[in-house]
Amino acid sequence: MTDGLPLGSSAGLLESLGGFVKELRTAGIPVSLTENLDAVEALRHVPLEDRDAFKYALAATMVKNNAHWKTFETVFEVYFSLRGRQYDIAGGDDDQAVEEAIAGLLGARQGDGHGSAEGLTNEQLAEMLFRALMDGNDPMMRAIARAAVTRYAGMEPGRPVGGTYYLYRTLRQLDLDAVLKRMMEQTRQQASGGPTDLEERLAREEYEHRLDALRREIEAEIRRRLVADRGAEAVAKSIRKPLPEDIDFMHASREELVALRKAIAPLTRKLAVRLARKRRHGRKGPLDFRSTVRHSLSYGGVPADPKFRYPRPSKPEIMVVADISGSVAAFARFTLQMVYAISSQFSRVRSFVFIDGIDEVTDYFKGNEDIASAIHRINTEADVIWVDGHSDYGHALEVFWDRWGRDVNPKTTVLLLGDARNNYHAAQAWVIAEMSKKARHVYWLNPEPRSYWDTGDSIVSQYATHCDGAYECRNLKQLERFVEQLG
Amino acid sequence: MSDAPATRFESPASVREGLRRVQYLADEGIAGVVFLAERLGKPVLVEGPAGTGKTQLAKSVAEMTGARLIRLQCYEGLDESKALYEWNYKKQLLRIQAQRVAESDGAGNGWSDIEDDIFSEPFLLTRPLLEAIRAEEPVVLLIDEVDRVEVETEALLLEILSDYQVSIPELGTVSATQIPLVFLTSNNTRELSEALKRRCLFLHIDYPDLDREKEIVLTRVPGISEALADQVVRIVRSVRSLELKKAPSVSETLDWARTLLLLGIQSVDAATATETLHILLKYQSDIDKAAKDLAASAT
């Protein structure tokens, strides 16, 4: 499929490239002028009819961060996808041709009266899909994906949608869960004496992989048709998604949460390294006499290169008090994960979670280096419900102060996480006032945008007046910035 | 592969073919970027998880083109005296002392003669970067783990990477006689500066997909049966999909395949896999998790 590039002349190419770069920038990928020029220069060296080479040339020169790759790929698909009459939404003769080709591939099996004029029945298409998936037959799968979109998506020209709805409609008709089930059954039957459990598991993973590929293919197909219908700019705008570090904690979809989880691991690793370096190189200490004399020997006894001792400042102790009620649970999870990932920078980390009751969960993180299972234990075992399971900051803070207040000392930094939506209970802000008298610092982190603070039942400023600072932490970027200044 | 150095590569496909000949299986992305790097005369910044063949890529390209590999291992505290050049203080000191002895014998030369003398070639210690610039024959320069140096030290690379020259105040500017192929690798422990990234082509090497990894196992582990290789890479993929502290790298896959071969195992079952997991994974918590997961599939 290398013949359909819409780039006849170099002027057309430059124009497409201009729009492409503009869209990348709008999506948040920083593409500098030199990088843009490099890309143009690079394109002179790759054969334009080689789509992959074209794509990698653009990626290598413009995308310098792997977290941005997915965004790049989507935008690339939109701007440089195959275009032409065969992708018209209405479905032209070519779709008929595709189905005929599929029938041809299938060979003599189609001799039962269904002429090519009527095309295949839905059952036959499903059967072919099943066989293509079983054999891992990629070209066939792509052809079927196209046919399926034509048939099931019911695309209408001119509708300003992003394509999720079309995707949903197509997938519902194909019923991939049932296909997977059938594939597994087939595998069980084929293996002599039944497959071992490990084999079965590996087979399942392979099939799921292929189904994912099919899903992506369908999605790409829908996108291609949308582009053909409405033009690249409009489509790019309607499918634009935030970069992982810009995803809003409070409104992340399931898919975005997965992306967040993937993004946070390298981020915390980087943060830990950075903080460790900062501690070592932060300030210079007193002269190290012994080392200086030792090094002066290579300069004939002249102390040309004075050496210093590095100071070892005491590490702070951290207490995290997090609201884990539904709306802010994801935020609490990521903050805890980040704090524990850099726990070597602190002398001690203790964590508490609450909804309307409060419980200490420090032990869940001990000896268990796996953050995911600790989070799971918090969600299932922690005793955080007192009356009705609606956030009650006042009560939770009061109990915290009663039971653990004496552990707060001048070395402690307290982090309070939550949106402070108190369901109109008593605020008990005096707890925070007392706390900030005893603790080294008290910070409030709020996952809501600042403009929502103190609207409705949010009482964040009643608490914030007693804190050393209240911060808006809506996404990983803001969270990372805050955590960095803690260490 | 001893073509004229001006155009060493004809097309991405030929790069891929050449790398295959030295037993490095590149995918289209890798081959494409290496090709462009040579054509544009730009350094390549290679990023990705540990053990996916970033360093090996530079070595293989050197082997393929028959160029000399010059390697600069980066570490915290690396400075220009270790990366670029250094004056040989001890030799300079001896030179000055020898002069004094000569003077006391009555044969006096002026200080300016000495100065000209001690800041000249014989007293210069070349370090990897300068060496790569001054090399007459084709070289591949590998700057390994560039993310380990501090941000300030990065700046010292910039002149080399964009202009292929080094300025030495006492001697003047040394320009490259030929443009070396430069590879920088990074494990991404910190964000590299914009200035550095802008000068480089970016290449992210991820874990290879199933087919490519299988091919790698088959090339790198002689004597392994195709069925076993297939099973090995599939189990590795399965283990990688877990949330681990450190996912198994390609080199660990190869180690595991070799071990299984040595043990004379024809086909891996859950029990063997669990017993030999410590070759694939290096953290106890990861091993426990994967063992539990593999066992769970057996119920």
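In which helix of chain A is A:Arg131 found? The residue belongs to helix α6 (residues 122-135) of chain A, where helices (H or I, at least four residues) and strands (E, at least two) are DSSP runs numbered from the N terminus. A:Arg131 is partly exposed, with 14 other C-beta atoms within 10 Å. On this scale a residue is buried if 20 or more other C-beta atoms lie within 10 Å of its own, exposed if 12 or fewer, and partly exposed in between, with C-beta atoms placed from the backbone. A:Met141 is ten residues away from A:Arg131 in sequence, and the two C-alpha atoms are 9.3 Å apart in space.

The model is a predicted one, in which local features need pLDDT of at least 70 and side-chain atom pairs count only at pLDDT 80 or more, while totals for chains, interfaces and linings use all residues. Residues are numbered from 1 along each chain as its sequence is written, and chains are lettered from A and ligands numbered from 1 in the order in which they are written.

Among contacts in chain A with a separation of 6 or more, 71% are between residues 24 or more positions apart; two residues are in contact if their C-beta atoms, placed from the backbone, lie within 7 Å.

Several helices of chain A can be followed individually. The expected span of a helix is 1.5 Å times one less than its number of residues. The buried residues of α14(A) include A:Phe331, A:Arg333, A:Phe334 and A:Met338. Helix α16 (residues 393-404) of chain A has twelve residues and reaches 16 Å from its first C-alpha to its last, close to the 16 Å expected. In α16(A), A:Tyr393, A:His395, A:Ala396, A:Leu397, A:Val399 and A:Phe400 are buried. These buried residues pack against β1 (317-323), β2 (348-354), β3 (358-360) and α17 (430-438) of chain A.

The two chains also meet. Here 34 residues of chain A are in contact with 35 residues of chain B. On the chain A side, α2 (33-43), α3 (51-62), α10 (197-230) and α12 (254-281) each supply at least two residues. By class, that side has 13 nonpolar, eight polar and 13 charged residues, where Ala, Val, Leu, Ile, Met, Phe, Trp, Tyr, Cys and Pro count as nonpolar, Asp, Glu, Lys and Arg as charged, and the others, Gly among them, as polar. One of the contributing helices, α3(A), has twelve residues and reaches 17 Å from its first C-alpha to its last, close to the 16 Å expected. It is mostly covered, with nine of its twelve residues buried; among them are A:Phe54, A:Tyr56, A:Leu58 and A:Met62.

Chain B has a secondary structure of 15 helices and nine strands. Its radius of gyration is 25 Å, well over the 19 Å that the globule rule gives for 299 residues, so chain B is more spread out than a compact globule. The radius is taken over C-alpha atoms, and the rule is 2.2 Å times the number of residues to the power 0.38. Along the principal axes, the C-alpha atoms of chain B fill a box of roughly 95 × 45 × 35 Å. Buried residues make up 36% of chain B.

Within chain B, five strands form an open parallel sheet in the order β2-β5-β8-β1-β9, where two strands pair if DSSP finds at least two bridges between them. Its edge strands, β2 (68-73) and β9 (201-204), each pair on one side only. Neighbouring strands are turned by 20 degrees against each other on average, direction ignored. Helix α2 (residues 28-40) of chain B packs on the sheet, touching β1, β8 and β9, and its direction makes about 160 degrees with that of β9(B). Axes are lines fitted to C-alpha atoms, for helices over the stretch in contact, and angles run from 0 to 180 degrees between N-to-C directions.

Strand β8 (residues 181-186) of chain B is joined by four bridges to the parallel strand β1 (residues 44-47), with B:Val44 partnered by B:Phe183 and B:Glu47 opposite B:Ser186. Strand β5 (residues 139-144) of chain B also pairs with β8(B) in the parallel sense over four bridges, and B:Val140 stands opposite B:Leu181. Six of the six residues of β8(B) are buried, so the strand is largely enclosed by the rest of the structure. B:Leu181, B:Phe183 and B:Thr185 point one way from β8(B), and B:Val182, B:Leu184 and B:Ser186 the other way.
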